[in-house]
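Me: I would like to learn how to read the packing in a model of this kind, taking one feature at a time. Could we begin with the way the chains meet?
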Amino acid sequence: MSALVSARPVAWSRRLVRGALVLLAVGFLALFLLLPLATVFVEAFRQGAAIYLTSIRQHESLAAIRLTLLVAAIAVPLNLVFGVMAAWAITRFDFRGKALLGAFIDLPFSVSPVISGLVYVLLFGAQGWFGPWLDAHGVRIIFAVPGLVLATIFITLPFVARELIPLMQSQGSEEEEAARVLGASGWQMFFRVTLPNIRWALLYGVLLCNARAMGEFGAVSVVSGHIRGLTTTMPLEVEMRYNEYDFAGAFAVASLLALLALMTMALKTLLEWRYGNEIAAHAPGGH
Amino acid sequence: MNLELSHLSRRFTDFAALKDVSLTVAPGEFIALLGPSGSGKTTLLRILAGLDYPDSGSVLRDGEDFLAIHTRERRVGLVFQHYALFRHLTVTENIAFGLRVRPWRSRPARAEVRERVERLLKRVQLEGLGGRYPAQLSGGQCQRVALARALAVEPDLLLLDEPFGALDAQVRVTLRRWLRELHEELKLTTLFVTHDQEEALELADRIVVMNNGRIEQVGSPEIIYQQPATPFVCEFIGKANRLTLRRDGNHFSAAEWTLPGDPWGGRHAQAVAYVRPEHLSLAVPASQPVPASQPAWTARLRHIYLAGSVAHLELHVAAFDQTLEADVASEDLARLDLQPGSLLRVAPRSAVVFPLDDHSGDAVAGDRWAWHDSERKEPGRLRSCR
């Protein structure tokens with residue numbers, strides 16, 4: 001009896017602490033995440049749906065949307081292939097410099113995106129190492145679409161690999177070895193055993209990779225040159241319109257980006273909820 | 001199918017997994033590779049499966065170079081300790097995997113695959129479970145699916161890596177017997193890795209005892225148990241009391257007990273004797289006076305561990321301050337009126353003796369002396385309890 005009575009205040013204070021912490025977390029989130037997000041949509045529609053639609057239907061907006069999709073459509077598949085290959089190499093083989101490769105994959109997370117953009121300018125720009133040679137052969141990389149793609153690939157490189165490595169490490173290679181002994185060729189082993197085992201983690205990694213590819217600003221901003229309708233992706237378009245005091249237009253494009261982020265988040269949550277145990281516990285860090 | 005392994009060596013960066021291993025496997029043989037972890041037995045199995053390659057040495061199958069054959073074409077069935085079933089495929093799809101990945105020319109027709117899977121499911125006693133996924137099966141069922149999957153490709157050689165290691169004791173024993181019956185029926189050349197000596201002794205035609213990347217002894221279970229060739233085999237297989245003997249003139253002794261003779265002609269000052277717990281004779285002085293002339297130790301009974309039909313006795317011999325283990329039949333406990341604390345006379349009936357090198361102090365495995373009490377000329381032996 002006495003144990004029951006004395007347990008009560010403890011339970012009560014525990015509940016109090018829990019409630020306070022939850023309230024604090026929700027309040028913080030509301031202030032720093034939900035409020036800005038809501039502002040985007042409020043500002044976008046402030047002057048009415050008609051203005052919103054015209055802003056989006058403008059030639060420059062459509063060009064920015066097209067360019068963003070194009071860059072993602074090139075960068076994401078390339079990083080998917082690279083990510084699978086890198087994860088395979090790291091988890092299935094022992095070689096010199098394995099730890100170094102793992103560290104390099106993480107490099108884009110630790111380097112400021114502006115710096116990585118600058119590196120490409122130094123390499124391929126007019127005054128850069130390969131600039132004159134490329135210029136002589138009529139190839140434009142900086143201030144053109146290839147530069148945007150290169151910078152985006154660099155920034156989004158870790159997402160797929162970081163998602164796969166812990167999962168493939170924990171799954172081990174026994175199933176693949178069993179497939180080989182049973183007579184499967186390398187491709188058969190990959191498509192019939194490896195891929196089905198990593199499919200949800202792979203999808204998850206691609207989703208994160210895609211969200212970042214479409215939303216990247218820093219690195220892309222350095223190599224883009226901000227040529228309206230030619231080398232501006234959606235994040236750059238938002239900034240330019242904002243700087244030109246076209247708030248309705250800026251927020252309209254921003255609302256599309258935000259919508260994209262919300263869709264990604266919804267899909268990601270769905271995947272986590274449905275296939276949580278097959279997705280690596282440690283989602284990649286990032287900015 | 002005849003397998004000939006000669007001088008296989010395999011080094012990993014920090015240790016040598018196999019050192020000059022040679023072994024011949026006859027067609028239809030059931031062989032156990034037995035040894036502690038790190039003894040190289042799994043490495044040997046992986047080399048045969050084509051998942052690893054030796055640094056030197058060769059493997060011949062019926063005279064042809066087995067190592068040159070690609071993993072896919074070796075016609076080997078491999079069963080892993082943790083089953084390694086394809087978790088995204090059903091039991092049926094798992095078993096059919098090896099048939100479905102064949103090039104289309106040699107791939108059996110759909111109906112034939114289905115029929116073969118059905119037959120295998122029946123053979124491994126899993127009829128009706130073909131639609132389940134591995135996660136819905138028990139450990140024993142998983143292992144039988146793994147076996148069916150390996151048998152589906154009709155291998156010439158079956159390799160099992162600790163096949164019962166992950167199962168609980170009862171399932172293990174049932175599955176073990178079942179595997180033995182299956183082997184008798186199929187006559188498939190089989191190598192299985194285990195660290196469980198009971199499993200090896202019960203199942204195998206021949207046991208290969210491995211330690212530190214080397215083969216210590218190859219032989220039938222009886223030979224391995226009764227005539228261990230090296231000190232390692234003595235200690236690893238079954239239980240054994242280890243006694244240090246000193247040469248005293250032309251015989252070896254440990255306190256009051258002496259071994260008649262010296263097969264090494266005075267070359268060694270010390271020897272080590274291994275005595276199985278069931279090879280210790282006991283006598284109770286109170287009920288049966290033993291002539292003091294007969295060589296035996298006086299020991300105090302410390303503990304009795306009753307393990308079903310057998311009782312393990314812990315005996316302390318004060319003369320050389322060592323605790324010996326002796327096994328007697330449980331029914332003899334009462335008959336001899338054995339109680340903790342009582343004094344007994346103890347003497348080995350048989351022993352395997354190795355001389356100790358005078359310089360290094362290591363046992364010399366090549367100079368084994370298998371001694372049995374019948375060699376003793378004097379009359380009046382200690383009464384045996386068994």
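Reply: Two residues are in contact if their C-beta atoms, placed from the backbone, lie within 7 Å. In this predicted model, 14 residues of chain A are in contact with 18 residues of chain B.

Me: Which element supplies the largest share of the side of chain A that touches chain B?
Reply: That share, six residues, comes from α9(A), and both α9 (174-181) and α10 (186-215) of chain A supply at least two residues each. By class, this side of chain A divides into six nonpolar, four polar and four charged residues.

Me: How should I read a sheet, and what is the strand order in the open sheet of chain B?
Reply: Strands of a sheet pair through backbone hydrogen bonds, either parallel or antiparallel. Here the four strands follow the order β2-β1-β4-β5 (chain B), with antiparallel pairing, and the edge strands, β2 (16-25) and β5 (64-65) of chain B, each pair on one side only. Strand β1 (residues 3-11) of chain B is joined to β2(B) by six bridges, and B:Leu8 has B:Val21 in β2(B) as its bridge partner. Helix α1 (residues 41-49) of chain B packs on the sheet, where α1 touches β1, β2 and β4 (56-61) of chain B, and its direction makes about 65° with that of β2(B).

Me: And how is a pair of helices described?
Reply: Two packed helices are described by the angle between their axes and the distance between the axes. For helix α2 (residues 91-100) and helix α4 (residues 139-152) of chain B, the axes come within 7 Å and cross at roughly 25°, which means that α2(B) is roughly parallel to α4(B). Their crossing is right-handed, and the contact includes B:Phe97 of α2(B) and B:Arg149 of α4(B).

Technical notes:
Residues numbered from 1 in each chain as written. Chains lettered and ligands numbered in written order. Predicted model: local features only at pLDDT ≥ 70, side-chain atom pairs only at ≥ 80, totals over all residues. Axes fitted to C-alpha atoms, helices over the stretch in contact; angles between N-to-C directions. Parallel < 35°, antiparallel > 145°, perpendicular 65-115°, else oblique. Left-handed = near helix turned anticlockwise from the far one by under 90°. Nonpolar A, V, L, I, M, F, W, Y, C, P; charged D, E, K, R; others polar. Pairing = 2+ DSSP bridges.
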